[in-house]
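Biologist: Hi! Could you walk me through this one slowly?
Modeller: Happy to, let's take a look together.

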Amino acid sequence: MTRRRILILAEQCNPNWPSLPIVGYKYARALARVADVTVVTHVRNHENIEAAGDLGAPVHYIDTEWLAAPMHKIATWLRGGDEVAWSTNMIMSYPPYVAFENQAWSAMKGKVAAGEFDIIHRVTPMSPTMPSPIAGKGGIPFVLGPLNGNLDWPAAFSGEQKREKERARSLRDLYKFMPYARRTQRKADCVLASFAHTIKDLDRVSPHKIISVPEVGFDPDLFHANRAKAPFSGSGPFEFLFAGRLVPYKVPEAAVRAFASSDMMRQHKMTIIGDGPELPRLQSIVAEHDAQDRVIFEGRKTQTEVAEAMRRADAFVFPSIRELGAGVVVEAMACGTLLMVTDYGAPGALVGNQRGVSLNLSDMHGLVASNKKAMEACISDPHAHAALAAAGCEYAHQNFTWDAKAKFTAEVYEAVLTGASFESFNQYA
C-alpha cells in the first residue's frame with residue numbers, strides 16, 4: 001500500500017495529559033508509522049511532545065493562548081473546577097478552537113496548494129459539536145474523526161445530572177446553527193464516528209460517507225493479559241475492581257452499594273481506583289455497611305499501576321450511565337478481566353456479543369440490584385464468566401491496539417483517494 005501524505009489536525013495532542021490529549025497523541029503517533037504525517041497542534045503541547053521525542057512526525061505548533069487562556073479561566077470558574085460541567089467546558093472551547101483552525105489554515109494553506117498532502121485529517125477535538133473551518137478547503141479530501149458525542153442523560157439519573165452541573169446540556173443542539181457547522185458535515189469526504197449515539201447526530205452527512213469506528217485504543221505493552229484467567233476456584237477472595245474518576249455519571253455508588261450490601265460478598269474484595277467529588281459519599285456508604293475491611297479506596301494511580309490492578313482483578317465493574325468512549329473498558333478487556341457494565345452508550349456496545357456482562361439501564365435502585373446479582377453470579381457460575389472474559393480479551397487485541405487502528409485508518413485513506421466503497425469498513429460489532 002502506498003504511504004499517503006497526511007496533514008493531521010490535532011489541537012489536543014499530548015503524551016502526558018489524560019483522556020483526549022493522550023488519545024490524540026497516541027493515534028497521531030501510530031498514524032505516523034503507516035503514513036507520511038505532519039501534525040498541527042496547539043503550542044501548549046510543545047514541551048511534552050518534544051520531551052517525549054517519539055511522535056515520529058514533523059510538528060507545527062499554533063499559538064492561540066491570547067484567546068484560549070482567558071476562555072479556559074472563565075470556563076474553570078463557571079464549572080467550579082475541572083471535574084464536572086463538561087458541557088460548559090465545550091461551549092467555552094468553541095471560540096478558541098475556531099481560532100486554532102483558522103490560524104492553522106493560514107500556516108499550512110501554502111503547502112496544501114503546493115500539493116504536499118493527499119488528505120487533511122482532523123483527529124481532535126472529537127466532539128461533533130466542534131466545527132472545522134478547514135473542511136472543504138484546499139481541493140483535497142477531508143477526513144473527520146473519530147467523533148464521539150450525543151449521548152442523552154438517562155431520565156432516571158436527574159440527580160446525578162444535577163451533581164454533574166450539566167444544565168448546559170440542554171443547549172447542545174444549538175451547535176447546529178453555529179458558523180461552520182453545516183459546512184463541516186457536508187464537506188467531509190469521510191466521517192469516522194463512534195457508536196450509534198454519535199452517528200445519529202450526523203444528519204447532514206451522507207450515510208455512505210460514515211464509517212463506524214470507536215475512537216478508543218490501548219498500548220498492548222501496558223494493557224495485556226499475562227495468561228488466560230482460570231475460572232474462580234472458590235479459594236481466596238474474588239476481587240472486583242472499579243477504576244475511573246469518582247464523578248456522578250460514572251455511578252460508582254451502584255457498584256459500591258451492590259458489593260457492600262451482599263452477604264455473599266463478605267468473603268470477597270472490591271478495590272476502587274480513582275478520586276473525585278463522589279469519594280466522601282462512597283466512603284459513607286462503605287461505613288454504613290461496615291465494609292471498610294473489604295472495600296479498599298486506593299486513590300489515583302499511574303497507568304502502569306491501573307494495568308497491574310486490572311490483571312490482578314477477577315472482574316471490572318463499570319456501571320457508568322453516560323460513557324461516550326469508555327477507553328477504560330477496552331483496557332480492562334485487554335487485560336483479560338471480566339467486564340460488568342451498564343448497557344448504555346459505549347460500554348454496552350463494546351461488551352455486546354458475549355464479550356462480558358451487560359446489565360440493563362434502570363434507575364439507581366435497579367442498577368444496584370442488577371450489579372449485586374451479577375457479582376453473586378461470578379461466584380456461583382465462574383466457568384461461564386471466564387469464557388466471556390476470554391472473548392473480550394481477543395476482541396480488544398484484534399481491534400483496538402493503536403497499530404491496528406492505524407492500519408485500519410490507512411486503509412480508509414486509500415478508499416477515500418481511490419473512490420472505493422466504505423461498506424466493508426464497518427466491522428466493529
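Modeller: First, one term: a residue counts as buried when its relative accessible area is under 20%, and as exposed when that area is over 50%. Also keep in mind that this is a predicted model.

Biologist: Thanks! Then what about Ile 134, buried or exposed?
Modeller: Ile 134 has a relative accessible area of 2%. The cut-off for buried is under 20%, so Ile 134 is buried.

Biologist: Where is Ile 134 found?
Modeller: Ile 134 sits in the loop between β4, residues 119-124, and β5, residues 142-147.

Biologist: And which residues does Ile 134 touch, leaving out those up to four places away in sequence?
Modeller: With those set aside, Ile 134 touches Leu 9, Glu 101, Ala 104, Trp 105, Ile 120 and Phe 142.

Biologist: How far apart are Ile 134 and Thr 184?
Modeller: In sequence they are 50 residues apart, while their C-alpha atoms are 8.0 Å apart in space.

Biologist: How many bridges join β4 to β5?
Modeller: Three bridges join them, and the two strands run parallel.

Biologist: Which strand does β5 pair with over three bridges, besides that one?
Modeller: β5 also pairs in the parallel sense with β6, residues 190-193.

Biologist: Why is β5 said to be largely enclosed?
Modeller: Six of the six residues of β5 are buried, so the rest of the structure largely encloses this strand.

Biologist: Let's zoom out. How many helices and strands are in the protein chain?
Modeller: The protein chain has 15 helices and 13 strands. Its radius of gyration is 22 Å, close to the 22 Å that the globule rule gives for 429 residues, so the chain is as compact as a globular protein of that length. Along its principal axes, the C-alpha trace spans about 70 × 45 × 40 Å.

Biologist: What share of the residues counts as buried?
Modeller: Of the 429 residues in the protein chain, 58% are buried.

Biologist: And what about contacts between residues 24 or more positions apart?
Modeller: Such residues account for 71% of the chain's contacts with a separation of 6 or more.

Methods. Residues numbered from 1 in each chain as written. Predicted model: local features only at pLDDT ≥ 70, side-chain atom pairs only at ≥ 80, totals over all residues. Heavy atoms only, no water. Helix = DSSP H or I, 4+ residues; strand = E, 2+ residues; numbered from the N terminus. Rg over C-alpha atoms; globule rule 2.2 N^0.38 Å. Buried < 20%, exposed > 50% of the residue type's maximum accessible area, 1.4 Å probe, protein only. Contact = heavy atoms within 4.5 Å. Pairing = 2+ DSSP bridges.
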